[in-house]
Amino acid sequence: MEWRVPLADLDYGPEEADAVLNVLKRKWLTMGEITQDFERAFAEMHGAKYAFGVANATVALHLACLALEIQPGDEVIVPSLSFVATSNAVLYTGANVRFADILGLENLTVDPEEIRQKITSRTKAIIVMHYGGYPCQMEEITRIAREYNLVIIEDAAHAPGASLNGKPLGIWGDIGCFSFFSNKNLSTGEGGMVITNREDLAEKIRLLRSHGMTTLTYDRHRGHAFSYDVLSLGYNYRIDEIHSALGIAQLQKLSRNNALRRQWTDLYRQELADLPLVLPFTSTPGESACHLFPVLLPAKASRERFMQFMREQGVQTSIHYPPIHSFSYYREKYGHLSLPRTEMVGLREVTLPLYPTMGEEKVKTVVQAVRKALQNAEI
Ligand SMILES: *Cc1c(COP(=O)(O)O)cnc(C)c1O
């Protein structure tokens, strides 16, 4: 389908093409200098001592859990209003998740008070997710973590380049995980990054990312090492040079593109202000990456008919998210759980198109379609 306004669109140009061709010319495809350059630049931008390029954010989250030694019998508190990978990563380790509800309709991030209430003697970690690139209440959450001796993993898949009180998201907790999937703010197709300021965790992540091996192919190629040992049960969760090259090109555009996302977000808020919609995050502190523009429809509206109407107008919309605890797999595992605010958002939320290159005209096209939809008596 040809959309008048798609949900998301890549900002790819000659920079990305040149970056990929350069890798092909160099004839070194994995764990080389381009990946190191990408890691260094990403670490620097996010105020992290260590950064590790990985295959995607799902394995980034798994590595984070493994490095923090989350294991069977442990519990990890996670938001249910997130992508399922946030929670799956915990289950890969054999530990259990406990879902925490969100703050409310104005702020779709996890409620610190809910985290506090879900803590048991088995709780080991908290995973927060910066919904849409908007910061979770990290001051309160880090206070709780200190009080109960818990570690924090930040699912910062939506939040490259975002910050709270001037401190980048991803380094508030112990480990930060980023996604470079096609529709994210920084896109490489597949790809991800793990960042930390803790040397002990960095060492573990380095090993676990590459089979638990003490030396890497690249070191051997360069004549730095001849053999290797295996110190732990590792994985192959590596990124490659082509994806890293795309990452460097995209990283150079990130600040400008996040600012454009902010500009279209502000315009949306202004243009939609008189409509009977809830526009979350209007007064959330911090510098958002503005990854998504979520709106909540009036309680009595039919979301299905709204989205169908938008489609007929050529505007692509989406839902972020069907709550994780409502999926069959999770219902079978944990039974029926009640997270009323998450469920309310799960029913009423619609994500409108947002991407850096969309321009004022397309924002207004979307706004007009929304206005027409809400005037339609059948919705
Ligand atoms: C996209 C996303 C992920 C998973 O990222 P992949 O790189 O596709 O594995 C995890 N968490 C959230 C919140 C996401 O949006």
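Mentor: Before we start, one cut-off: a polar contact is a pair of N or O atoms within 3.5 Å. Also keep in mind that this is a predicted model.

Trainee: Got it. How far is the polar side-chain atom of histidine 158 from an oxygen atom of the ligand?
Mentor: The distance is 2.8 Å, so that pair falls within the 3.5 Å limit for a polar contact.

Trainee: Nice. And what about tyrosine 321 and asparagine 56?
Mentor: For tyrosine 321, a side-chain N or O atom is 3.3 Å from an oxygen atom of the ligand. With asparagine 56, a polar side-chain atom lies 3.5 Å from a ligand oxygen.

Trainee: How much of the ligand does the protein bury?
Mentor: The protein buries 93% of the 380 Å² that the ligand exposes when taken alone.

Trainee: Where does the ligand sit, then?
Mentor: In the largest pocket.

Trainee: Which residues are closest to the ligand?
Mentor: Ala57, Thr58, Asp155, Ser179 and Lys184 are the closest, out of 15 residues that surround the ligand. By type, the shell divides into 6 nonpolar, 7 polar and 2 charged residues.

Trainee: Switching topic: what is the secondary structure of the chain?
Mentor: The protein chain has 13 helices and 11 strands. Its radius of gyration is 21 Å, close to the 21 Å from the globule rule for 379 residues, so the chain is as compact as a globular protein of that length.

Trainee: And what does the C-alpha trace span along its principal axes?
Mentor: About 75 × 55 × 35 Å.

Note on methods:
Residues are numbered from 1 along each chain as its sequence is written. This is a predicted model: local features need pLDDT of at least 70, side-chain atom pairs count only at pLDDT 80 or more; totals for chains, interfaces and linings use all residues. Side-chain values use heavy atoms; hydrogens and water are left out. A residue is near a molecule or strand if one of its heavy atoms lies within 4 Å of it. A polar contact is a pair of N or O atoms within 3.5 Å; within protein, one must be able to donate a hydrogen and the other to accept it, and residues adjacent in sequence count only if both atoms are side-chain atoms. Accessible areas come from the Shrake-Rupley method with a 1.4 Å probe; for residues, only the protein chains shown count as cover. On a 1 Å grid over the protein atoms alone, a cavity is a set of points where a 1.4 Å probe fits but cannot get out, and a pocket is an open set with protein on both sides within 12 Å along at least five of seven lines; lining residues have an atom within 4 Å of a point. A molecule sits in a cavity or pocket if more than half of its atoms lie within 2 Å of its grid points. Ala, Val, Leu, Ile, Met, Phe, Trp, Tyr, Cys and Pro count as nonpolar, Asp, Glu, Lys and Arg as charged, and the others, Gly among them, as polar. Helices (H or I, at least four residues) and strands (E, at least two) are DSSP runs, numbered from the N terminus. The radius of gyration is taken over C-alpha atoms; the globule rule is 2.2 Å times the number of residues to the power 0.38.
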